[in-house]
Amino acid sequence: MSIQENLSRLRATIPAGVTLVAVSKTWPAEAVLQAYDAGQRVFGENRVQELVAKAADLPGDIQWHLIGHLQRNKVRQVLPHVALIHSIDSTELLERVDREAGQLGRRVDVLLQVHIAQEEAKTGFSYPEAEALLQGGQLAGYRNVTVRGLMGVATFTDNMAQVKAEFEGLHALYAKVREAGWLNPSEFNVLSMGMSGDYQLAIACGATMVRVGSLIFGHRDYGAGA
Ligand SMILES: *Cc1c(COP(=O)(O)O)cnc(C)c1O
């Protein structure tokens, strides 16, 4: 199955209004170009170095999303190339992004990553931390970042009931922010959740953006491409 075929099969399962982020991490520029030629314009990378290198090599109308942990000392490097940062996981990082974006004279869209999984390793704000930040009004003080929504990574498990509960929990916070008007709902309108194994469930739970890698590019473990 080619990347192009994988993409068109996948697209047939994604409703209009849900954005597909093609996660191209670890795949070479040629693979990204195949997806690009099939019409894909939004790509996700989890490492700054790789995002910056690919952005330099590939067409300028690609929107690059950073989906992996962002170290504070890499903020400056990534900002000129990134359309959306999914992985803001601390107020320190948010402050840093705001400051550096200001110095570059640009405004950057970000999502707050919320820790929804049971695994310890997954980063992100806890629910109480995220809620305090979203409700508290201090986000208005960041002049150079726009918080566009929330992102979460579910527990890596076959237990779909658990994954569903995690997605529903994140959707509940997303809906609360919008309904309570803590942030302007026409700006705070992105809920990024769901990967190859669970994107359909995520969409059923209200995701507006899904991050899919293996179903498009193949399983890295086998090195076989698509
Ligand atoms: C790798 C990755 C994805 C895509 O995973 P697949 O299972 O290959 O679709 C999505 N989100 C994040 C944060 C990732 O690191």
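1. Thr26 sits in the loop between β1 and α2; helices (H or I, at least four residues) and strands (E, at least two) are DSSP runs, numbered from the N terminus. Thr26 is not a glycine, yet has a positive phi of about 70°. With a relative accessible area of 40%, Thr26 is partly exposed, where buried means under 20% relative accessible area, exposed over 50%, and partly exposed in between (1.4 Å probe, protein chains only).

2. The model is a predicted one, in which local features need pLDDT of at least 70 and side-chain atom pairs count only at pLDDT 80 or more, while totals for chains, interfaces and linings use all residues. Residues are numbered from 1 along each chain as its sequence is written, and side-chain values use heavy atoms, with hydrogens and water left out.

3. Lys25 lies in the loop between β1 (19-23) and α2 (29-37). The unreviewed UniProt entry annotates Lys25 as "modified residue: N6-(pyridoxal phosphate)lysine"; UniProt positions are given in the numbering used here, feature names are shortened, and annotations may be inferred rather than shown by experiment. Lys25 has a relative accessible area of 33% and is therefore partly exposed. Neighbours within four places in sequence aside, Lys25 is in contact (heavy atoms within 4.5 Å) with Gly44, Glu45, Asn46, Glu50 and Lys54.

4. Glu50 belongs to helix α3 (residues 48-57). Glu50 counts as buried because its relative accessibility is 15%. Not counting residues up to four places away in sequence, Glu50 touches Ser24, Lys25, Thr26, Trp27 and Glu45.

5. The residues around the ligand are Val23, Lys25, Ile67, Met151, Met195, Ser196, Arg211, Val212, Gly213 and Ser214; a residue is near a molecule or strand if one of its heavy atoms lies within 4 Å of it. An N or O atom in the side chain of Lys25 is 2.7 Å from an oxygen atom of the ligand. For Ser196, a polar side-chain atom lies 2.5 Å from a ligand oxygen atom. An N or O atom in the side chain of Arg211 is 2.9 Å from a nitrogen atom of the ligand. The ligand exposes 390 Å² when taken alone, and the protein buries 82% of that; accessible areas come from the Shrake-Rupley method with a 1.4 Å probe, and for residues only the protein chains shown count as cover.

6. The largest nonpolar core has 69 residues, and Ile85, Val97, Leu134 and Leu150 have the most contacts inside it. Such a core is a set of buried Ala, Val, Leu, Ile, Met, Phe, Trp, Tyr and Cys residues joined through side-chain atoms within 4.5 Å. Helix α7 (residues 160-180) gives the largest share of this core, six residues. A second, separate core of eight residues includes Leu111, Met151, Val190 and Met209. Met151 is also one of the residues around the ligand.

7. Which residues does Ile85 contact, leaving aside its neighbours within four places in sequence? They are Leu66, Leu70, Leu79, Val97, Val108, Asp109, Val110 and Leu111.

8. Gln63 is part of strand β3 (residues 63-66). At 40% relative accessibility, Gln63 is partly exposed. Beyond four places in sequence, Gln63 is in contact with Arg41, Val42, Phe43 and Ala83. Gln63 and Pro28 are 35 residues apart along the chain, and their C-alpha atoms are separated by 17 Å.

9. Lys74 is placed in the loop between β3 and α4 (75-78). Its relative accessible area is 23%, so Lys74 is partly exposed. Residues up to four places away in sequence aside, Lys74 touches Val48 and Gln49. From C-alpha to C-alpha, Lys74 and Ala29 are 22 Å apart in space, and they are 45 residues apart in sequence.

10. Two further loop positions complete the note. Gly17, in the loop between α1 (3-11) and β1, is exposed, with a relative accessible area of 69%. Gly17 and Met209 are 192 residues apart in sequence and 8.5 Å apart in space, C-alpha to C-alpha. Ser126 lies in the loop between β5 (108-114) and α6 (127-135) and is partly exposed at 27% relative accessible area.

Notes:
Polar contact = N/O pair within 3.5 Å; in protein donor to acceptor, adjacent residues only side chain to side chain.
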